[in-house]
Amino acid sequence: MNGLLNYINLNVSKNLLTTKASCKTCSKRKQENKRRLAQYVSDTYGITLNTGSMFDIQVKRIHEYKRQTMNLLHVITLYNRIKNNPNGDFVPRTVFFGGKAAPGYMTAKLTVSLICHVANLINSDPIVGDKLKVVFLANYRCSLAEVIMPAADLSEQISLAGTEASGTGNMKFMLNGALTIGTLDGANVEMRQEMGEENIFIFGMKVNDVEQLWTDGYDTRKYLARLPELQLAISQIRSGYFNPGEPHKFTEFADHLVANDRFCVIADYEEYVKCQGEVSDLYMDWVKWTKKCLLNIASSGKFSSDRTINQYATEIWDIKPVEVEINPSKS
């Protein structure tokens, strides 16, 4: 019962989140958590991070449908924009990837390798500097998630609509005050219902749009023809720009993406990059950003295990709670 009461109280607290004092407290706690993650990265990888940058995080199993590749294409696009206009006004961003690839899943293992090559080049480029950093967090696990999730500004939940059964990491990021960029897939749908569509960044095709795309005949070349930034990013991967020591390592990877884009990375790229621009714009207004973070936290009560088990007990198991008396003297 306490969990259910807490769920109710959490939602009531939405009315108390309009003050600047609340935003300052939340922002202070977030910065403390970002410094803790930055210290871990410094100690583990020797990379110094700008804790004033947006901490943009995607940690989950490495799989094509979860579209880490689309996230990486956005990173490469940002890199190219910075290189083309070093004095431009960019919102600093630190992009974290983490997750494990199945031993026999070669595409997933190549994805991890590509992320690391891209990270090495970007992190060592003095022109890029603190505007953009990329970190692959090795051996992602529960104890590391306890450091990562409280530090996140942005949670990447970008699977192709209709492919994610549910997902729970998105809920944990939400509870820890990260804003979500994602598709209408899995638990993102319920999260949006709870927090309101104005407090989540939704982009991309819906399930019926994906079905229609395949019915009509999905041709990646039509998208590439009008997206020069995407063309360039894929060309750089194909040519070995990020891995000159092994220039052909990702040639087949890039060709496969263009020829057999099963999870519509190329089709959703344009909307994804546009939505990321909206994320950057909002991040510059810390009060508006932090209010949305607080509203995310206050909307997360529905996803508590107490509420879930109570609903299962009522609607599926048809059982009622039993009061248990505990006598301390006999324990």
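How many aromatic pairs does the structure hold? It holds 12. Keep in mind on this tour that the model is predicted.

**Stop 1: helix 3 and helix 4**

Select residues 68–84, which form helix 3, and residues 106–123, which form helix 4. Their axes come within 11 Å and cross at roughly 15°. Angles under 35 degrees count as roughly parallel, so helix 3 and helix 4 are roughly parallel to each other. The crossing of this pair is left-handed.

Now show the side chains. On helix 3, pick Gln-68, Thr-69, Leu-72, Val-75, Ile-76 and Tyr-79. On helix 4, pick Thr-111, Leu-114, Ile-115, Val-118, Leu-121 and Ile-122. These residues make the contact between helix 3 and helix 4. Nine of them are nonpolar, three are polar and none is charged.

**Stop 2**

**Stop 3: helix 3 and helix 12**

Keep helix 3 and select residues 265–283, which are helix 12. Here the axes come within 10 Å and cross at roughly 55°. That angle makes helix 3 oblique to helix 12. Helix 3 passes helix 12 in a right-handed crossing.

Which residues meet here? From helix 3 come Met-70, Asn-71, Leu-73, His-74, Thr-77 and Arg-81. From helix 12 come Val-265, Asp-268, Tyr-269, Tyr-272, Val-273 and Gln-276. The contact of helix 3 with helix 12 has six nonpolar, four polar and two charged residues.

**Stop 4: helix 3 and helix 10**

Next, select residues 228–239 for helix 10. The axes of helix 3 and helix 10 come within 9 Å and cross at roughly 105°. Helix 3 and helix 10 are therefore roughly perpendicular to each other.

Helix 3 brings Leu-73, Ile-76, Thr-77, Asn-80 and Arg-81 to this contact. Helix 10 brings Glu-229, Leu-230, Leu-232, Ala-233, Ile-234, Gln-236 and Ile-237. Sort them by type: seven are nonpolar, three polar and two charged.

**Stop 5: a charge over a ring**

Finish with Lys-34 and Phe-55. The charged end of Lys-34 sits over the ring of Phe-55. It lies 4.8 Å from the ring's centre.

Terms used
Residues are numbered from 1 along each chain as its sequence is written. This is a predicted model: local features need pLDDT of at least 70, side-chain atom pairs count only at pLDDT 80 or more; totals for chains, interfaces and linings use all residues. Side-chain values use heavy atoms; hydrogens and water are left out. Axes are lines fitted to C-alpha atoms, for helices over the stretch in contact, and angles run from 0 to 180 degrees between N-to-C directions. Helices (H or I, at least four residues) and strands (E, at least two) are DSSP runs, numbered from the N terminus. Angles under 35 degrees count as roughly parallel, over 145 as roughly antiparallel, 65 to 115 as roughly perpendicular and the rest as oblique. A crossing is left-handed if the near helix is turned anticlockwise from the far one by less than a right angle, and right-handed if clockwise. Contact means heavy atoms within 4.5 Å. Ala, Val, Leu, Ile, Met, Phe, Trp, Tyr, Cys and Pro count as nonpolar, Asp, Glu, Lys and Arg as charged, and the others, Gly among them, as polar. Rings of Phe, Tyr and Trp (its six-membered ring) pair if their centres lie within 6.5 Å; planes under 30 degrees apart count as stacked, over 60 as edge-to-face and the rest as tilted. A charge sits over a ring if NZ of Lys or CZ of Arg is within 6 Å of the ring centre and within 35 degrees of the ring normal.
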